[in-house]
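Take a look at the chain shown here. Keep an eye on its charged side chains as you read.

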Amino acid sequence: MQIWVDADACPVVIKEILFRAAERTKITTTLVANQFLRTPASAYIKTMQVPSGFDVADSRIVLELTAGDLVITADIPLAAQVVEKGGHALNPRGELYTTANIQERLAMRNLMEELRGNGVDISGPSAFNQTDRQAFAAALDRFIAKQLKT
């Protein structure tokens, strides 16, 4: 298993949690972005810079991942592709996307996008906070522990 990170919009505190987890578990963690990323020196932490463009990083992650890999992303369409390919997707707020919930999340995302496109004022997600950070760390730890048992 590897961990792939949709790193362009990933909060710094989430990256730091992932860096510590990579070192502790010795799981290769690759951050994919269209810009240069600074990461700690580690045999388990890698970066992959892709060209700028719409969904270029997402496409690269889907191309590179194998069944069983974990992808960290808040991008629901990317999460849907990951799940479809047999991977797992975890958002930075600690929600694990699965075959049981991804279609519902995708439908809700599409509805909200359509409403915004029709001029309906809909607020976005709340600001990222300490509770979100803790939920992510706990979900990541549970996921890794479960994977290491199998």
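What follows is a short tour of the salt bridges.

The model is predicted: local features need pLDDT of at least 70, side-chain atom pairs count only at pLDDT 80 or more, and totals for chains, interfaces and linings use all residues. Residues are numbered from 1 along each chain as its sequence is written, and side-chain values use heavy atoms, with hydrogens and water left out.

Side chains of opposite charge can pair when their charged atoms come close. A salt bridge here is a side-chain nitrogen of Lys or Arg within 4 Å of a carboxyl oxygen of Asp or Glu. How many salt bridges does the structure hold? It holds five.

Start with R24 and D141. Their closest N and O atoms are 2.9 Å apart in a salt bridge. This pair links distant parts of the chain, 117 residues apart. R24 sits in helix α1 (residues 12-25), and D141 sits in helix α5 (residues 130-149). Helices (H or I, at least four residues) and strands (E, at least two) are DSSP runs, numbered from the N terminus.

Are these two buried or exposed? R24 counts as exposed because its relative accessibility is 51%. D141, at 39%, counts as partly exposed. The cut-offs are under 20% relative accessible area for buried, over 50% for exposed, and in between for partly exposed (1.4 Å probe, protein chains only).

Now move to R105, in helix α4 (residues 102-117). Its side chain meets that of E95 in a salt bridge, at 2.6 Å from N to O. E95 lies in the loop between β5 (88-90) and β6 (96-97). R105 also forms a salt bridge with E104, with the closest N and O atoms 3.6 Å apart.
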